Amino acid sequence: MTPRWSLSIVVAWMLAMSIPAHAATIEITMENLVISPAEASAKVGDTVEWINKDILVHTATARNGDWDVNLPPKKNGSLVLKKAGTVDYYCRLHPNMKATLVVET
Ligand SMILES: [Cu+2]
């Protein structure tokens, strides 16, 4: 392996690693009226994708009013996180469905 070839591998690896580090997608499942995981952590710029596996409509509604994502039956909904903080959210239609999202800078 020539030094030049190995350098290009390192550069390619760094590029590949830097993309998910800046914008990950966090998947959160809603199934049988339960949000899982109940506590998820993410960073500003990440996308949160809720996956509704139920045949009911759910929402992911932030208690602080920052966001309100509608999740039709068997559909996904996503959101790009814009600010840091701990956000408690719930389903407006099934208030027992509660979870927390910890967003770091
Ligand atoms: Cu619901």
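Two residues are in contact if their C-beta atoms, placed from the backbone, lie within 7 Å. By that rule, residues 24 or more positions apart account for 47% of the contacts with a separation of 6 or more. This is a predicted model, in which local features need pLDDT of at least 70 and side-chain atom pairs count only at pLDDT 80 or more, while totals for chains, interfaces and linings use all residues. Residues are numbered from 1 along each chain as its sequence is written.

Next, select Met 30, Ile 35, Val 48, Trp 50, Tyr 89 and Leu 101, which touch the most other members of the 15-residue largest nonpolar core. Such a core is a set of buried Ala, Val, Leu, Ile, Met, Phe, Trp, Tyr and Cys residues joined through C-beta atoms within 7 Å; buried means 20 or more other C-beta atoms within 10 Å of a residue's own. Colour β1, β4, β8 and β9, which each give two or more residues to this core; β9 gives the largest share, three.

Now centre on Trp 50. Leaving aside residues up to four places away in sequence, its contacts include Ile 28, Ala 60 and Val 69.

Follow those last two: Ala 60 stands opposite Val 69 in β6. Finish at the hairpin of β5 and β6, where Gly 65 takes a positive phi near 80°.

Note on methods:
A residue is buried if 20 or more other C-beta atoms lie within 10 Å of its own, exposed if 12 or fewer, and partly exposed in between; C-beta atoms are placed from the backbone. Helices (H or I, at least four residues) and strands (E, at least two) are DSSP runs, numbered from the N terminus. Two strands pair if DSSP finds at least two bridges between them.
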